[in-house]
Amino acid sequence: MAAIVTLRKQPGNLTMSVRMPEPDARVLAKRERIVTALRTIVPGEGVIATEREMKPFESDGLTAYRQTPMVVVLPETTEQVSQVLTYCYGEGIKVVPRGAGTSLSGGALPLADGVLLGMAKFNRIREIDFENRVAVVEPGVTNLAVSNAVAHAGFYYAPDPSSQIACTIGGNVAENSGGVHCLKYGMTTNNVLGCELVLITGEVVRLGGKHLDAEGYDLLGVINGSEGLLGVLTEVTVRILQKAETQRAVLVGFPTSEDAGECVSRIIATGIIPGGMEMMDKPAIHAVEEFVHAGYPLNVEALLIVELDGPHAEVDHLIARVEGIAKGCRSTSCRASTSEDERLLFWAGRKAAFPAAGRISPDYYCMDGTIPRAKLPEVLAEMKVMSEKYGLRCANVFHAGDGNLHPLILYDANVPGELDRAERFGSEILRLCVKVGGVLTGEHGVGVEKRDLMPEMFSELDLAAQQRVKCAFDEKNLLNPGKVFPVLHSCAELGRMHISGGKLPFPDIPRF
Amino acid sequence: MTDILKPRDANEVEEAIRWALNADKALELLGQGTKRAIGRPSQTDLTLDLSGLSGVTLYEPAELVLSARAGTSLAEIEALLAENNQALAFEPMDYGPLFGGEAGGGSIGGAIATNLSGPRRVKAGAARDHFLGVTAVTGRGESIKSGGRVVKNVTGYDMCKLLAGSWGTLAAMTDITIKVLPKSETEATVVVLGLEDRQACAAMAAAMGSACDVSGAAHLPDHVASFFDGLPKPESSTALRLEGVEPSVAHRKETLAALMKPFGPVALLDEKDSAELWRCIRTVKPFAVEGARERPLWRISTAPARGHELLELLTPAAQMFYDWAGGLVWVAMPFANEPDAASIRGAVKKLGGHATLVRAPASIRAAVDVFEPQTPALAGLSKRVKEGFDPKGVLNSGRMWAGV
């Protein structure tokens, strides 16, 4: 059912392998005809078929996996998307949708026998409607461009993944992207009101709009985070919000991660939901301080940034409360920003965490588990043990408010065995997250990266139920196959009923 | 025959559904029955009463998470949360009184299955936005789980969203995990008096688009204003709620009052009056009182700035008021057996959004669409989703649409 497709790791000559659906020889054999047919739908430069020109599309943000697609198509209209999908559906050709390709889980990894459907040309903002507080945008519009387009009226789009300068709204919906402000303002799914979606059959459906809630099943809720397996977005309606009057941040250092965790718990327990609450461990603090000189204390084990937003009166009031709580949690340093520049400097370190890791190590591998927050000390302690076991350093940044952990495993791909060790280290961290009651991925998605770990969290029945949703949208399994689900079952197989037991009308169930 | 099966735990729910599958029986899912009269009249053989699955199984206030068996009463959960100064931020509305029942009923499973929310929907979201994890038995008699106990989770499809608002047609939920939030320390309401519906929608748009962080925006026209407690005068009132810590509410109250001045005379409600007013809005009080309960009741969700256009599109004898800054319109039709579905459907088609016939005699609900009719492509999708979960139509079949 699935072949070993060996994908090359760059740079160097190391190889990584991931099982992908076996390329369909029947499709590959008629490649030229397919390219010609696609050119009649999307004329000119919208179809890319040479090896050299397809190179930029061979991977996404998870660069360890690479694969040249069969052909790249860059449609410009919903009609073209619909025709491309109708054609592919009729011919049994796989399709991999792609936004900006910033996925960290291989969600946009091409298939050798698949059409890579790049949505970059859908880059227009169709409507800004301040009265209804929504923006209607094409999926290739970047996350930051939405905020920029409404900034003149004091509005913004709340979800702010760290790749927001590059990542697109379509990709945000596919991955249900988060960011540092999720705890207070929600993830993508809480901020999207509607979409236009093209099904693999070419049918165009509209879900939601400028109104709230679904008229029936919340299909929009399933599209969010579906990783491009259910349909291709051609338009998205997002909620925009008025910016808070002001924002201030407090920078607090702690002698132990337990103290920092305790402080986070007490802040929330006292009824404060900060706009952002981020934690860094010692290796992360040192890496970023060396890089951006944000003025972080270096003699602490854990550092917390707590940001509060709202009217001045509220923010000042809450900052005082947070400072009081921090003191009660044995903090060794505590500084509240007194200017916008200072606030941005506090954040500069946190936001530079990934490049800072890249500076102290040739390569790093970013993980994305979520854990119940109280388990943080336990998880950090176990990760230290793992770090020694695998002989690799690990720095941690943590969305403390919602328990989303980003361990950065530092390795050198040119040292034989390190990549493999980094991968095994990462898997062990994710298994630990699940073991303590958390999940495999908080915001980066399953993709190919965590696909084979899905059984750690889900039973076969759980996965079958999810795959039946896939079947409702894509019964031939042509959209982005090989992602999310470790084993591909046919929809016919999934549709069969297996009823066992239940032969007796349960004498022991009370009946009235 | 209206036999009732009352399982005591999740295993018995699974057993009951498997038995129904084998015996070719259709089940009606029931929690506390507060919303039993909503939807197409069911043609079921037995009732699966889930109220026996009761009790909070996990509550960690500092982690903002609570798990409970699906049949646990909302009242029990809300009381427990209140002890810790927390609440269900989605402010679930109470359908009980609309059908002549007592207030304060309903289970957490029912709240989720119908994706309940209240006035705070505009700021905090609906039940769907707070639903973190679930264990449920599908119409295949299989127990599945999805989500978890953490807020940030994108592992696999978000099946919670699909079950929220599915009215029990996909699976019988047995265990539910939700996000809970701190209760606001205080609240106040700014009321603009005497506005026409159109002006009111404009005022609400201005308030919602300000930095005042409004957590409820409702317009109560003249003809229903007298039903709402807490208002300064029984006349057309546009109410804007502010919640939070004391210094913040005090500051925003002033800012918002100044912003609203150009629209009309402004009055301020203190915490107590504000709470009373929003309780009446949340329970749809004008249409829950004796004498109004015979009237067919529609719930329309549309683009907030267009809500007021309904006034021109419906009979002048219809009574209505607006929540969600104009995006939620409750419309009561004048005659018991005439829901006037054609004009409602036509209006919604024009404005966008959807309408649900929340209350009407069973014979009417059997004859006209209760939920918004879907386009063929969307209806096909819904049907296939249903078949994936419940191919034999064992669970609440036909409650939303015929054949689903």
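Predicted model: local features only at pLDDT ≥ 70, side-chain atom pairs only at ≥ 80, totals over all residues.

Tutor: Residues are numbered from 1 along each chain as its sequence is written, while chains are lettered from A and ligands numbered from 1 in the order in which they are written.

Student: Why is α9(A) called roughly antiparallel to α14(A)?
Tutor: Helix α9 (residues 257-269) and helix α14 (residues 376-390) of chain A pack at about 150°, with axes 9 Å apart. Angles over 145 degrees count as roughly antiparallel (under 35 roughly parallel, 65 to 115 roughly perpendicular, the rest oblique), so α9(A) is roughly antiparallel to α14(A). Axes are lines fitted to C-alpha atoms, for helices over the stretch in contact, and angles run from 0 to 180 degrees between N-to-C directions.

Student: Which residues of α9(A) and α14(A) meet?
Tutor: Ser257(A), Glu258(A) and Gly261(A) in α9(A) meet Leu376(A), Pro377(A) and Leu380(A) in α14(A). Contact requires C-beta atoms, placed from the backbone, within 7 Å. By class, this contact of α9(A) with α14(A) has 3 nonpolar, 2 polar and 1 charged residues. Ala, Val, Leu, Ile, Met, Phe, Trp, Tyr, Cys and Pro count as nonpolar, Asp, Glu, Lys and Arg as charged, and the others, Gly among them, as polar.

Student: What makes β7 and β11 of chain A edge strands?
Tutor: The open sheet has 5 strands in the order β7-β8-β12-β10-β11 (chain A), with antiparallel pairing. β7 (125-129) and β11 (204-208) of chain A each pair on one side only.

Student: How do you know that β10(A) and β12(A) pair?
Tutor: Pairing needs at least two bridges found by DSSP. Strand β10 (residues 192-198) and strand β12 (residues 232-239) of chain A have 6 bridges, in the antiparallel sense, so they meet that criterion. Gly194(A) stands opposite Thr237(A) in β12(A).

Student: Why is β8(B) described as largely enclosed?
Tutor: A residue is buried if 20 or more other C-beta atoms lie within 10 Å of its own (exposed if 12 or fewer, partly exposed in between). In β8(B), 4 of the 5 residues are buried, so the strand is largely enclosed by the rest of the structure. Strand β7 (residues 131-138) of chain B runs antiparallel to β8(B), joined by 5 bridges. One of the bridge pairs is Thr135(B) with Lys145(B).

Student: How many residues does each chain bring to the contact between chain A and chain B?
Tutor: Chain B gives 85 residues and chain A gives 90 residues. On the side of chain B, they divide into 36 nonpolar, 28 polar and 21 charged.

Methods:
Helix = DSSP H or I, 4+ residues; strand = E, 2+ residues; numbered from the N terminus. Contact = placed C-beta atoms within 7 Å.
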